Amino acid sequence: MLKRLIVRALAIAHKEVMHIQRDPQTLGFALVMPIVLLLIFGYAVSFDVERIPLVVVDQDRTPAARVLVDKFTASGTFRVVAQRQDPAEVETLFRSYSAKAALVIPKGFGRSLGRGTQADAQLLLDGADNTTASIALGYASAVSLAASRDELLAIVGEVEPSLAARTRVFFNPTLQSSIFLVPGLMAVILVMIAVMATAMTIAREYEQGSMEQLFATPVGRLEVILGKLLPYFFLGLVQVLMVLALGVTLFDVPVNGSLWWLFAVSCVFLLAMLMQGLLISVVTRSQMVASMVAAMSTFMPALLLSGFVFPVENMPWPLQVVAAAMPARYFVRSLRAVLLRGNGLEVIWPDLLALTGFFLVLLVVATKRFKRSVA
Amino acid sequence: MLTALRAVIVKELRQTLRDKRMVALLTIAPVLQLLLLGFAVNLDVERVPTVIADEDRTPESRRLADGLTAGDAFTRTGTVADGKAATRLVSRGEVPIAVVIPKGFGRRQRLGKPVAIQVLVDGGDSNRAIVAQNAIAAFAMSQAAAEAETQILQIAATRGQAPAIPRVNVEPRVLYNPTLNSKIYFVPGVAATLLLIVTLITSSGGLTREKEMGTLEQVLVSPIRPETLIIGKTLPYGLIGLVDMGLVIGMGAWVFGVPIRGSLWLLFFAGCLYMLTTLGVGLLASTIAKTQQQAFIAAMFFIMPAVLLSGFVTPVENMPAWLRPLSGFTPVRHFVEILRAVLLKDASASELSAQLVALAGLGIATYSTSAYLLRRRLT
């Protein structure tokens, strides 16, 4: 029984390998694509906000005002793109994306400071760009605080700070966002290539009529599915290894945990995603519908619900439930655990279990829904 | 020409919409996705779960712990006995921040000596870690400033002078989205991405489906000209895309409170230009690919970088200098910028001329390339 299953599944796998070989362009694409995507994404997606375009509206023109401008531009977070005299001109610059922040220093700023009173300035921010605005917001309050402290200390003289916070950052001491984001990117790329590989295979056979011929043979449903899965699993493993090796070497992602656990969790994840593609193929039976479903169900959910960029803990609870049904969520979590924190089975076992469960459930559903009829 | 065009359009619409699942995928799915994903996007780092390890257990240490967790930045989720337990929690990824108040903290503070606390941060989530670090630094800084102020007040009191307390206050004012609601920021991006997926996947499958089934030969022997075929193969999907755009913007306004401050006509015009580029790319994929699988892979290979390079998730300014010019080639970037500017800032067409010209240019370039390729195939 088992032997027959293996022999027949291997026969289907052999047929699928011949399909893959006959289309070398797609195969080449499948191997090059993850590398190109990782290269672009790894550099493109970054939270390290720098060079926020700043307009300076200095109506005061005193040394104190210039010191404040210097404090803003010192760290490279802001870069001055324009000088204006009238704050009303700022909005035009915001609307055409020429600037995202404006520092308005009103007349009398330097005088108030010299008199020993509060000197007010204003930072206008383009709230249409949330990420930049919220970083700039934090930066503005830090600059105010630091500037005030400097003014006060200039009077009382330099003293040792009374409260020191010694921060110890685990796993990512320089706080590069790439170390946080690259494991997530690997997951998003693998979701895409795995589902893309299998979403069309069975639908294509229905469309081209070869499914009818397959059903005329004694091959069973499970055998077809396993046979279709096998070649893409090995192809996927090559892609997984490429993405992991490249991600780790190019973006300085540390490998603090065991490579074996990394490999194990990647294998199970790959199986689950390939199975998702096969399920789409079995259910839709049309390549057009399959490609729509595959595109809709993978890219955006993997990007937004996996915890790759947006922490799952921040989502409202109904969405946390939806996110729990995303294999990518478990993969992202365990990749970070193994790579960054060096955790082993004691931390990632729930993720491994969830991914295995996904694979098995999808396998059963796909086999059940796979009808031996062509109409 | 017009009769032929109408015939191709009717055929294409019929063939696509015959499958009821396709109708649902083209209309209900984008709206559902927007609803779902709109709630997911939230980068606000607030109430970071924080564990306090109070080794000192004095009124002073308790006051510090309360002061730290009083604001919006940190939420105290637990208390452990010592730094060792806190380290274990952070290194297992169970809690992102732990604050260790060492033994002797209260005594030193009573003696007026400088005191130090230790903050353990899980750098795995760098965004959250940076925000948390800044919040702690600001807390320490404001404490220092407060102490300098007390000193100045004391000195002034002993000398019998009026105290001079110079302070710099940079008051931030956020325009267009004063509460920095993430949804208002992300919904235009999600909308543009959904439109890209819907129009690109459908149009890239159009020609290749005919190639695979062998019906393209039949179309080619008919008197239909390549231009007619190209327009007829893309226009229906453009119409579907425009309907989706209306649905998605309506949902964004209704459910997520995205304001509509600018001109809807300008949005409609920009939407047409955007569709021109997405359909142009779809057509190009469709012309080059031999099978539907190839066309699908090519389409996805365009969609992923186009979205991530657009500044939808992280701003374009964050990208390295060599990559930033590349983001000019993604229509998503220009369309998202137009969407945000028109919806939130009431921007005019002349203020957005750069984006509009870029979209038109991309559309014309991709269309003429695929028209050229298709014509070469025909002759």
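How much area is buried between chain A and chain B, and what percentage of it do carbon and sulfur atoms give?

1. The area buried between chain A and chain B is about 11,100 Å², where buried area is the accessible area (1.4 Å probe) that two parts lose on being put together, summed over both. Carbon and sulfur atoms give 67% of this area.

2. This is a predicted model, in which local features need pLDDT of at least 70, side-chain atom pairs count only at pLDDT 80 or more, and totals for chains, interfaces and linings use all residues. Residues are numbered from 1 along each chain as its sequence is written, chains are lettered from A in the order in which they are written, and side-chain values use heavy atoms, with hydrogens and water left out.

3. Chain A brings 121 residues to the contact and chain B brings 126 residues; contact means heavy atoms within 4.5 Å.

4. Four salt bridges are found across the interface of chain A and chain B, each being a side-chain nitrogen of Lys or Arg within 4 Å of a carboxyl oxygen of Asp or Glu. Lys100(A) forms a salt bridge with Glu317(B), with the closest N and O atoms 3.0 Å apart. Helix α6 (residues 130–156) of chain A supplies 18 residues, the largest share of the side of chain A that touches chain B.

5. In chain B, helix α7 (residues 182–213) has 32 residues; helices are DSSP runs (H or I, at least four residues), numbered from the N terminus. Of the 32 residues of α7(B), 30 are buried, that is, under 20% relative accessible area (1.4 Å probe, protein chains only). Just after α7(B), Gly214(B) takes a positive phi of about 80°.

Terms used. Helices (H or I, at least four residues) and strands (E, at least two) are DSSP runs, numbered from the N terminus. The expected span of a helix is 1.5 Å times one less than its number of residues. Buried means under 20% relative accessible area, exposed over 50%, partly exposed in between (1.4 Å probe, protein chains only).
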